[in-house]
Amino acid sequence: MIEVLSLRTSKKLQLIDATSMMDSAVKKIFGAYDGAILCYVPHTTAAITINEAADPDVALDIDSFLRLHLPEGIRFRHLEGNSDAHIISTLIGSSVIVPVERGALRLGRWQGVFFVEADGPRVRNINLVKLTS
Amino acid sequence: MIEVLSLRTSKKLQLIDATSMMDSAVKKIFGAYDGAILCYVPHTTAAITINEAADPDVALDIDSFLRLHLPEGIRFRHLEGNSDAHIISTLIGSSVIVPVERGALRLGRWQGVFFVEADGPRVRNINLVKLTS
Amino acid sequence: MIEVLSLRTSKKLQLIDATSMMDSAVKKIFGAYDGAILCYVPHTTAAITINEAADPDVALDIDSFLRLHLPEGIRFRHLEGNSDAHIISTLIGSSVIVPVERGALRLGRWQGVFFVEADGPRVRNINLVKLTS
């Protein structure tokens with residue numbers, strides 16, 4: 001069973017902390033299992049990553065780094081003009097997997113799960129798949 | 001059980017759409033299970049990624065971006081002269097995991113699975129491992 | 001069950017071959033199962049990757065590439081001054097998944113699993129989660 005979480009983004013490039021949304025969804029939907037959760041982004045101009053959730057400046061610094069290496073006006077073949085977003089999707093990746101114990105996400109102390117919007121604003125999904133030990 | 005798919009690449013750097021090959025292999029080999037499929041590349045100068053399969057220009061733009069940041073003649077320590085390919089392997093990654101329902105890949109509407117050749121042409125493998133919910 | 005492996009790093013930026021440590025741990029802890037092993041880094045200034053283990057120059061070339069694009073003194077918002085390490089964590093990723101047959105890691109011939117320290121030296125962990133087929 002694939003469970004779908006939805007979120008709304010507000011900028012062209014933006015990291016959104018989805019940790020608490022995911023944590024409550026996993027426990028509520030899948031119950032007290034052991035294993036891991038696959039957090040899968042079904043979009044080609046977005047990504048998902050794990051990084052520090054305590055200081056919001058970390059997410060902004062990741063944005064800055066991506067924009068530095070992929071200036072928004074960079075010219076490519078793809079006629080929709082959002083090749084920067086497709087490249088970010090491949091560089092960062094379309095999924096993360098987080099350990100789960102008794103239905104709770106077992107992230108490291110400073111870690112959060114961030115949805116990476118690279119061609120927003122849009123309504124986006126994260127698809128959750130339970131993986132068992 | 002690990003199942004091995006083979007493909008032949010034709011260029012030094014090249015994204016090859018492996019979606020239909022993988023989709024039929026998963027259904028045929030593993031049957032109508034629910035969970036996910038691990039698509040694992042056992043090579044150190046190749047990678048695998050998920051991105052847009054509708055417009056082939058997207059894959060070419062990813063190539064261009066990689067070549068821009070990793071010019072083919074870039075000098076490194078490794079004497080085989082293919083450090084660019086090893087770096088691409090680590091940046092993009094050696095595996096993707098795709099949700100599966102009743103034996104069918106559940107990719108997003110515009111997504112395909114691409115084998116990333118970075119030191120071709122060669123004969124390459126993608127190793128498939130079923131993961132259950 | 002999450003099993004924790006510890007290792008000590010000795011430099012600011014460093015790839016450490018953790019293959020033999022992981023291989024013996026998986027067999028000893030989880031026994032002769034089939035499926036995959038999730039190797040999860042619970043830190044936000046480190047990463048994990050798969051690449052060539054035969055020639056140590058490959059790991060050094062990956063270091064050089066990262067340092068080239070992320071000079072150590074690069075200025076960002078995050079006041080701890082280690083945004084370079086957070087960015088490396090997101091670019092390379094917090095986990096890898098390796099196929100397992102009868103309790104043995106099924107890496108490709110030239111592959112090893114490398115812990116990527118980006119803000120060392122420190123004592124670090126790799127968390128292992130068994131995933132079954």
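Is A:Arg102 buried or exposed, and at what relative accessibility? At 55% relative accessibility, A:Arg102 counts as exposed, where exposed means over 50% relative accessible area, buried under 20% and partly exposed in between, computed with a 1.4 Å probe and protein chains only. This is a predicted model, in which local features need pLDDT of at least 70 and side-chain atom pairs count only at pLDDT 80 or more, while totals for chains, interfaces and linings use all residues. Residues are numbered from 1 along each chain as its sequence is written, chains are lettered from A and ligands numbered from 1 in the order in which they are written, and side-chain values use heavy atoms, with hydrogens and water left out.

**Fold and dimensions of chain A**

- Chain A has three helices and eight strands, and from the N terminus on these elements run β-β-α-β-β-α-α-β-β-β-β; helices (H or I, at least four residues) and strands (E, at least two) are DSSP runs, numbered from the N terminus.
- The radius of gyration of chain A is 15 Å, close to the 14 Å that the globule rule gives for 133 residues, so the chain is as compact as a globular protein of that length; the radius is taken over C-alpha atoms, and the rule is 2.2 Å times the number of residues to the power 0.38.
- Along its principal axes, the C-alpha trace of chain A spans about 50 × 30 × 25 Å.
- Of the 133 residues in chain A, 65% are buried.
- The accessible surface of chain A comes to about 5100 Å², with 51% of it belonging to carbon and sulfur atoms; such areas come from the Shrake-Rupley method with a 1.4 Å probe, and for residues only the protein chains shown count as cover.
- Among the contacts in chain A with a separation of 6 or more, 84% are accounted for by residues 24 or more positions apart, a contact being heavy atoms within 4.5 Å.

**Relation between the copies**

- Two copies of a chain are related by a rotation about an axis and a shift along it.
- Chain B is superposed on chain C by a rotation of 120° with 0.0 Å of shift along its axis, at an RMSD of 0.0 Å, and the two copies are thus related as by a three-fold rotation axis; the superposition is by least squares on the C-alpha atoms of residues with pLDDT of at least 70 in both.
- Chain A can likewise be laid on chain B by a turn of 120° and a shift of 0.0 Å along the axis, with an RMSD of 0.0 Å, and here the copies use different surfaces, since 18% of the contact residues of chain A recur in chain B.
- Only 18% of the interface residues of chain B are also interface residues in chain C, so these copies meet through different surfaces.

**Aromatic pairs and the lysine over the ring**

- A search of the whole structure finds three aromatic pairs over all chains; rings of Phe, Tyr and Trp (its six-membered ring) pair if their centres lie within 6.5 Å, and planes under 30 degrees apart count as stacked, over 60 as edge-to-face and the rest as tilted.
- One of these pairs joins B:Phe30 and B:Tyr33, edge-to-face at 6.2 Å centre to centre with 70° between the planes; B:Phe30 is buried at 15% relative accessibility, and B:Tyr33 is buried at 8%.
- In chain C, the ring centres of C:Phe30 and C:Tyr33 are 6.2 Å apart and their planes lie at 70°, so this pair is edge-to-face, and both residues are buried.
- B:Lys130 lies over the face of B:Tyr33, at 5.4 Å from the ring centre, and the charged end of C:Lys130 sits over the ring of C:Tyr33, 5.4 Å from its centre; the criterion is NZ of Lys or CZ of Arg within 6 Å of the ring centre and within 35 degrees of the ring normal.

**Surroundings of C:Glu3**

- C:Glu3 belongs to strand β1 (residues 3–8) of chain C and is partly exposed, with a relative accessible area of 25%.
- Leaving aside neighbours within four places in sequence, C:Glu3 is in contact with C:Ile29, C:Phe30, C:Ile126, C:Asn127 and C:Leu128.

**Backbone geometry in the loops**

- Most residues other than glycine have a negative phi, and most peptide bonds are trans.
- A:Arg102, in the loop between β5 (95–101) and β6 (104–105) of chain A, has a phi near 45°, a positive value in a residue other than glycine.
- C:Arg102 also has a phi near 45° and is exposed, with a relative accessible area of 54%.
- The peptide bond from A:Gly120 to A:Pro121 is cis, with omega near 0°, and A:Pro121 is placed in the loop between β7 (111–117) and β8 (123–132) of chain A.
- The peptide bond from C:Gly120 to C:Pro121 is cis as well, with omega near -5°.
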